[in-house]
Amino acid sequence: MTPCCRILIPCRSNSFLGLPFKKNNNSFCTNSSNLRGKCDFYNYPPHILDPGRILNRTRTLLGPNSSLGQSRVFSSHCNNGIINPRGYHVIASVASNFRNYSTSVENTRVNDKNFERIYVQGGLNNVKPLVVEKVNLDEHNVNNNNEKGESVKEEESQAVKEAWKLLENAVVTYCGSPIGTLAANDPNDKLPLNYDQVFIRDFIPSALAFLLKGEKDIVRNFLLHTLQLQSWEKTVDCYSPGQGLMPASFKVRTVPLDDNKYEEVLDPDFGESAIGRVAPVDSGLWWIILLRAYGRITGDYGLQERVDVQTGIKLIINLCLSDGFDMFPSLLVTDGSCMIDRRMGIHGHPLEIQALFYSALRCSREMLSLDEGSKNLVNAINNRLSALSFHIREYYWVDMKKINEIYRYKTEEYSTEATNKFNIYPEQIPHWLMDWIPEEGGYLIGNLQPAHMDFRFFTLGNLWSIVSSLGTPKQNEAILNMVEAKWDDLVGLMPLKICYPALESEEWRIITGSDPKNTPWSYHNGGSWPTLLWQFTLACIKMNRIDLAKKAVDLAEKRLRVDQWPEYYDTRYGKFTGKQARLYQTWTIAGFLTSKMLLENPEMASLLFWEEDYDLLEICVCALKKSGRKKCSRGAAKSQILV
C-alpha cells in the first residue's frame, strides 16, 4: 500500500485524543461518507534522496547542508484514500512503517506515538486500533468550593467551568483532528466576518491553556499544519511577500470534488483579505515562541528537531534578519502588522514587535540544531540579540530622569559623540507625560525613529519585554512599579489598557485617518483587552509580584462571565463592553484560564519566561576600533545591568 497523506479518524466520533469535543459548527469533518480530508503533514516521504534532503509530492524539505530555497505547498488529495461502509476515513499510513517516514533530525528523542496509532475497521494487517481515553474536562477545572461556601469562590468556580466549556466549543477540527480555536464563537453573531477563522496570535493563550492542562495534541497539530502553510504563495497586486512568512489566520473549507465527494482544505490568509492588506509580522514570531513552550511544557523535544520544523524556524529567522536599508537592529515594520492591526501610528519600530522579535531570536538559538548549516545563522542571531537588547534598553527607556534629560536636549548634533543621536526635539514631550510619569518607575516607549519618540505606553510590548528579559532586571521591576502606581489608568475596572493614553480630537483624526472603530478609549485606541491578563500574570510571577496579578485576575473574574467574555472594553477606565466587541472571544476566555492556572502553579511560569542572558553582554556588537561609538559594545551593555 502506498503511504497516503491522511490519518484515520471515525467521523461519527466527537472525541479525539482524549478531548471530548462536542459537535458544533466548528467540526468541519461530517458524517457523510463522501467527505475526504487532507492532512498532508502526516505523510513525509515515500522517497529519501539523501540524509539531508527529503522529498514528497507536496513539498521539499531542505536539510542543514542545503540552501533555503523556495518551498511550496500545493493542494492535492490522496487518490488511494477510500471510505468504508461504516463511515470511517481509511487513511493509508501504516503504523509499523510510520517511523520510517520520520522527519526528525534525531529519532532517538522523537515521541510521536499519537500520530503512529491508526484505527482501521478491518482490512489492514499489523495495525493496532487507536485507543481514545475519554477525559472529563471538569476533572481539570479549578474548583475552589470550600466548606465555608463563600459566594465569591463559588462564582470563581462557575467562571472557570464556563470558560473551559466555551474553549472546548471553540475548537476547530480538520480531518477529524483538533487544529485550533475560532477567534470568537458567539452563537448569536450572524456576521462573523473573519472571527470564524483560526488566528495564530489569538491561538497562543488557547494553546497554553491546553498545554498547562496536559492536552498537547491540539497544539502539536496546530504547529505542524501552520508550518505547512508557511510557504504558500499569496500575492497582493501581483507581488509576493518574503519567503518564510506565516499566515495571520486560516480557515477550514469543504471543497466539492467529482462524483459528489468533498475534501477539506486549509485556506490561509497572509493579509490579502485583511483590513488594510497588511501582512502579519508577528505570526511567525508567535509560532516560534509557542514551539518552544510546547517542548518545555510537554518534554516532547522531538517535534522541534524534525527537519521540516528546523527549516521553518530558519525561514522565519532569515526573513527577519534579511539585509535592507534600515540601520537599526530593531525590526522595521508597517502599521497594522501586529496585534494593533489597524492604523494607529505605530509604523516604524514598534516596541511590541521588538519584544516578540527578541523572544523569537532567543527561542531559535535554543532550538536550532547545531551543525555546519546553522552555525552562521546562530552567530547572526547572537549578534542581533546583543545589538537589539542594547538599543532598546538604552534608547527606548524613559523615567523621570530620562525625560528631564530629553527636556534639555541639544538638537542638530552632527557627530558620533552626539548625545541626542536621533535628533529628538524637546517639544515632542507631551504635556500629559510630564504630570503623569511617577517619581518611581518607568517604561519602554512605543516607538523610536529619527526626530520621533512615541511616548505612549503600549502594554503588550512592556509586558513581553519583562517576560523575555529584553529590559534589564531593574527596568523590568520599574515597569511593574509603574503599572502599580498608575493602576487606575492602565488597569481601571478591567485589565488591561492596550495603550495609554488614547489619541483624541485632531490627533485622532490625523494619525488614525478618522477610524470610526478606533475612537478614543475604544478598541486599539486605549481600549481594555482582557487577553493581556495572561501576559501580565506571567510578568508578575517572574518579578515576584503575584499580588498584582491576583488583583487583576480578581477584577476580570467578577465581570467576564457576566459580560459574556467580550473582546475588549471601552471608556477611560474600561467601564463598558466595547461598542463593536465580539462576545465569547476565545482569547479572552483562554487568557483568563491561563492566568488562573499560572497563579495556581507559579512554578510552571518558569518554563515560559527567560532570565537575563549575561553571555550576550560579552558579545561586542559593533566590531569597531577605538572611537566614540565603542560605547555601544559590551561596556555600555554591562553598565546598564548595574544601574
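Helix α11 (residues 372–395) lies across the strands β14, β15 and β16 (452–458), and it runs at about 110° to β15, where axes are lines fitted to C-alpha atoms, for helices over the stretch in contact, and angles run from 0 to 180 degrees between N-to-C directions. Helices (H or I, at least four residues) and strands (E, at least two) are DSSP runs, numbered from the N terminus. This is a predicted model, in which local features need pLDDT of at least 70 and side-chain atom pairs count only at pLDDT 80 or more, while totals for chains, interfaces and linings use all residues. Residues are numbered from 1 along each chain as its sequence is written, and side-chain values use heavy atoms, with hydrogens and water left out.

- Four strands form an open sheet in the order β14-β15-β16-β17, with antiparallel pairing, and two strands are said to pair if DSSP finds at least two bridges between them.
- Because β14 (397–399) and β17 (499–500) each have a single partner strand, they stand at the edges, and one side of each is left without a neighbour in the sheet.
- Three bridges link β14 to β15 (residues 442–449) in the antiparallel sense, and Trp-397 has Leu-444 as its bridge partner in β15.

**Helix α12 and its two sides**

- In helix α12 (residues 400–407), the buried residues are Lys-402, Ile-403 and Ile-406, where buried means under 20% relative accessible area, exposed over 50%, and partly exposed in between (1.4 Å probe, protein chains only).

**The nonpolar core**

- The largest nonpolar core has 158 residues, and those with the most contacts inside it are Trp-287, Tyr-443, Trp-464 and Phe-536; such a core is a set of buried Ala, Val, Leu, Ile, Met, Phe, Trp, Tyr and Cys residues joined through side-chain atoms within 4.5 Å.
- Leaving aside neighbours within four places in sequence, Phe-536 is in contact with residues including Leu-463, Trp-487 and Leu-548, contact meaning heavy atoms within 4.5 Å.

**Salt bridges**

- The count comes to 20 salt bridges, each being a side-chain nitrogen of Lys or Arg within 4 Å of a carboxyl oxygen of Asp or Glu.
- Arg-292 forms a salt bridge with Glu-366, with the closest N and O atoms 3.0 Å apart; Arg-292 lies in helix α7 (residues 282–298) and Glu-366 in helix α10 (residues 351–367), so the pair ties together parts that are 74 residues apart in sequence.
- Within this pair, Arg-292 is buried, at a relative accessible area of 4%, while Glu-366 is partly exposed at 40%.
- Asp-515 forms a salt bridge with Arg-342, and the closest N and O atoms are 2.8 Å apart.

**Backbone details**

- Most residues other than glycine have a negative phi, and most peptide bonds are trans.
- A cis peptide bond joins Tyr-500 and Pro-501, with omega about -5°, and Pro-501 lies in the loop between β17 and α17.
- Asn-260 has a positive phi of about 60° although it is not a glycine, and this residue lies in the loop between β12 (249–256) and β13 (262–269).
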